[in-house]
Amino acid sequence: MKTDEQWMALAIQQAILAEKIKEVPVGAVLVQDNKLIASAHNQPILNNDPTAHAEIQLLRQAGKKLE
């Protein structure tokens, strides 16, 4: 079982990925019943999409996965 700190570390890893591609360093993870559903990071500059923030990317991934 992962702790909150471990899940936060995954979110920070996502933020680091965003920073490496010159995005604002924000990452997000979605966890349900201690299982990772989705993770994402900011990509509005890369994708030329003002809605491609970490949280929105996360919800898009989760929606596809969970239908």
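Colleague: Is Asn48 buried or exposed?
Modeller: The model is predicted: local features need pLDDT of at least 70, side-chain atom pairs count only at pLDDT 80 or more, and totals for chains, interfaces and linings use all residues. Residues are numbered from 1 along each chain as its sequence is written, and side-chain values use heavy atoms, with hydrogens and water left out. Buried means under 20% relative accessible area, exposed over 50%, and partly exposed in between (1.4 Å probe, protein chains only). Asn48 has a relative accessible area of 71%, so Asn48 is exposed.

Colleague: What is the phi of Asn48?
Modeller: Asn48 lies in the loop between helix H2 (44-47) and helix H3 (54-66); helices (H or I, at least four residues) and strands (E, at least two) are DSSP runs, numbered from the N terminus. Its phi is positive although the residue is not glycine, with a value near 50°.

Colleague: What is the relative accessible area of Asn34?
Modeller: Asn34 also has a positive phi, near 60°, and is a residue other than glycine. Asn34 sits in the loop between S1 and strand S2 (35-41). Asn34 counts as partly exposed because its relative accessible area is 28%.

Colleague: Which residue forms a salt bridge with Arg60?
Modeller: A salt bridge is a side-chain nitrogen of Lys or Arg within 4 Å of a carboxyl oxygen of Asp or Glu, and the whole structure has one. The pair links distant parts of the chain, 11 residues apart, from helix H3 to the loop between H2 and H3. With closest N and O atoms 3.7 Å apart, the partner of Arg60 is Asp49.

Colleague: Which side chain of opposite charge is nearest to Glu23?
Modeller: Lys and Arg count as positive and Asp and Glu as negative, while His and the chain ends are not counted. Glu23 is in the loop between helix H1 (4-20) and strand S1 (27-32). Glu23 is buried and has no salt bridge; 11 Å away is the nearest side chain of opposite charge, Lys22.

Colleague: Which residue's backbone nitrogen does the side chain of Glu23 reach?
Modeller: Contact means heavy atoms within 4.5 Å. Not counting residues up to four places away in sequence, Glu23 touches several residues, among them Ala18, Asn42 and Pro44. At 3.0 Å, its side chain reaches the backbone nitrogen of Ile45.

Colleague: What is the relative accessible area of Ile12?
Modeller: Ile12 is in helix H1. Ile12 is partly exposed because its relative accessible area is 46%.

Note on methods. A polar contact is a pair of N or O atoms within 3.5 Å; within protein, one must be able to donate a hydrogen and the other to accept it, and residues adjacent in sequence count only if both atoms are side-chain atoms.
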